[in-house]
Amino acid sequence: MANIFTQARLTLPADQTLAAIVSLIRQNAGENYFVYERAPRWYIGLGKKAQLTISPDGSQAMIESARGTASAAIKTSLATCARQFTAQYAAQGQRVFGMAGFNYAAKIRNLAFTPGSWPLLSLTVVRDELIIEEGEVTIYAENEARCQRLCQQLQAILPTEQGKPVQADLTAQGDDYQQRVNRALEEIALGDYTKVIVARALVMPHKIDMSATLWRGRLANTPARSFLLKQGELEATGFSPEMVVTVEKGFVTSEPLAGTRARSDSAGENVHNRAELQSDSKEIVEHVISVKAAIEELELLCCAQSVVVSDLMSVRERGSVQHLGSQVRGELAPGYDAWDAFDVLFPAITASGIPKIPALEAILRLEAVPRELYSGAVLMLEGEQLFEAALVLRSAFQDQQRSWIQAGAGVIAQSNALRELTETCEKLSSVAPFLVRREENDKN
């Protein structure tokens, strides 16, 4: 990492990684932070050297840096704003962390949408960064004093109490959800679209301790990626089941997950549910049309004949659920970059629907409250070498107005409203049991 003043290395007990991360976040209360797990590595970014924030309606870009704060009306594409920011503020190969809200998809496709309160896009070049892999810690800090302080904090891991759980009724407002699923089924019958993901949000009665929730939840989940972030009053943590897009060394990969059954501690029950998942015609149809759509999207970006399905309908275990999962991969064609791939593939087909634009329009009609970061993406960029966008599902969210969890289900012609409600409960069970209540004097 270039332009970092000092570097240090230390070793922690391998089983103390999560405890060390939670402790570090608590000892830096008030800081913005990003935590991103790309197993076996954890990346922790503290503070900010520079940050790009796109307003919730997509009209303004604000950049904060050592030079001050500047805002301007956006006259180019959002992807161009992102490219310009990283080119100017991220040193060669330096990691950039970020998040893209669901409404980013509507904005770049010129669809009418109701702005929320979260940014459409945010990218951050952090001030200090730590990388933890199997107990080995590398610290990059802006100066020697901060480096020493971070070393001391990691060597003095604070005990973290379990805290009080946040109680959540997973079936709350189930009748409303089933009514919206039935409306979607009517629109599907009319030929408006083939598939749409209808989601529901559950507002929590208490503030959530996000770092403690990450700790508890990660021990019980098997995600593709984990994350924890705070940007001002905006906070989220979650266990992403799939990648929206990965661009690495010139290859683009998408990993659609569609088709769901519950997963529990009972081996016999899991075997039964897996067999049911793999033989259920509705789940198979839903998955196959998602893979077909992913192939079509990648073919817009990739060299001719390079798009392949490298894994088809394997079962992926993700916390309280198991999914049918596939991997579609292709070689990025000349003239395209990672942001082009992101704009085509975002949002994930499995979080929007098929065809994507009519499905997006349906979601904007069927869901009264903006999704904000839910079914958006958390991002990690490493120069031209790596671009990752992890799908934000199985997550908890928090801002000044509310704390909530959210889940959706894929609706196709063969869907049943009650079964889709049950599926949202199964997915919410990957997060809800691990929510920790924030104490009044706790700012984390």
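Predicted model: local features only at pLDDT ≥ 70, side-chain atom pairs only at ≥ 80, totals over all residues.
View 1. With a relative accessible area of 13%, serine 320 is buried (buried means under 20% relative accessible area, exposed over 50%, partly exposed in between, with a 1.4 Å probe and protein chains only). Its side chain reaches the backbone oxygen of glutamate 426 at 2.6 Å. The side chain of serine 320 also makes a polar contact of 2.7 Å with the side chain of serine 430. (A polar contact is a pair of N or O atoms within 3.5 Å; within protein, one must be able to donate a hydrogen and the other to accept it, and residues adjacent in sequence count only if both atoms are side-chain atoms.) Leaving aside neighbours within four places in sequence, serine 320 is in contact with Ala262, Arg263, Glu426, Lys427, Ser429 and Ser430; contact here means heavy atoms within 4.5 Å. Strands (E, at least two residues) and helices (H or I, at least four) are DSSP runs, numbered from the N terminus.

**View 2. Serine 254, another buried serine****.** Serine 254 belongs to strand S15 (residues 251–254). Its relative accessibility is 9%, so serine 254 counts as buried. The side chain of serine 254 gets to the backbone oxygen of valine 244 at 3.4 Å. Not counting residues up to four places away in sequence, serine 254 touches Val244, Leu298, Ser326, Gln327 and Val328.

**View 3. The open sheet of 11 strands****.** Follow the order S1-S10-S9-S3-S2-S12-S13-S22-S23-S11-S19, with antiparallel pairing. S1 and S19 are the edge strands, each pairing on one side only. Two strands pair if DSSP finds at least two bridges between them. Strand S12 (residues 225–231) and strand S13 (residues 234–240) do this over 7 bridges, in the antiparallel sense. Leucine 229 has alanine 236 in S13 as its bridge partner.

**View 4. Strand S10 between S1 and S9****.** S10 (residues 136–141) has 5 of its 6 residues buried, so this strand is largely enclosed by the rest of the structure. Strand S1 (residues 6–11) runs antiparallel to S10, and 6 bridges join them; glutamine 7 stands opposite tyrosine 140 in S10. S10 also pairs with strand S9 (residues 128–133), in the antiparallel sense over 5 bridges. Here glutamate 133 faces glutamate 136 in S10. The hairpin of S9 and S10 has 2 residues between the strands, and glutamate 134 takes a positive phi near 50°.

**View 5. Helix H10 and its buried residues****.** In H10 (residues 356–366), Lys356, Ala359, Leu360, Ala362, Ile363 and Leu366 are buried. Looking down the axis of H10, these buried residues fall within an arc of 160°, so they line one face of the helix. The arc is that of the directions from the helix axis to the C-beta atoms. The packing partners of these residues include helix H3 (103–108), helix H5 (174–189) and strand S11 (195–203).

**View 6. Strand S7 and its two pairing partners, S20** **and S8****.** All 6 of the 6 residues of S7 (residues 95–100) are buried, so S7 is largely enclosed by the rest of the structure. Arg95, Phe97 and Met99 point one way, while Val96, Gly98 and Ala100 point the other. S7 pairs with strand S20 (residues 377–382) in the antiparallel sense over 6 bridges, and 4 bridges join S7 to strand S8 (residues 121–125), also antiparallel. Look for methionine 99: its bridge partner in S20 is valine 378, and its bridge partner in S8 is serine 122.

Conventions:
Residues numbered from 1 in each chain as written. Heavy atoms only, no water.
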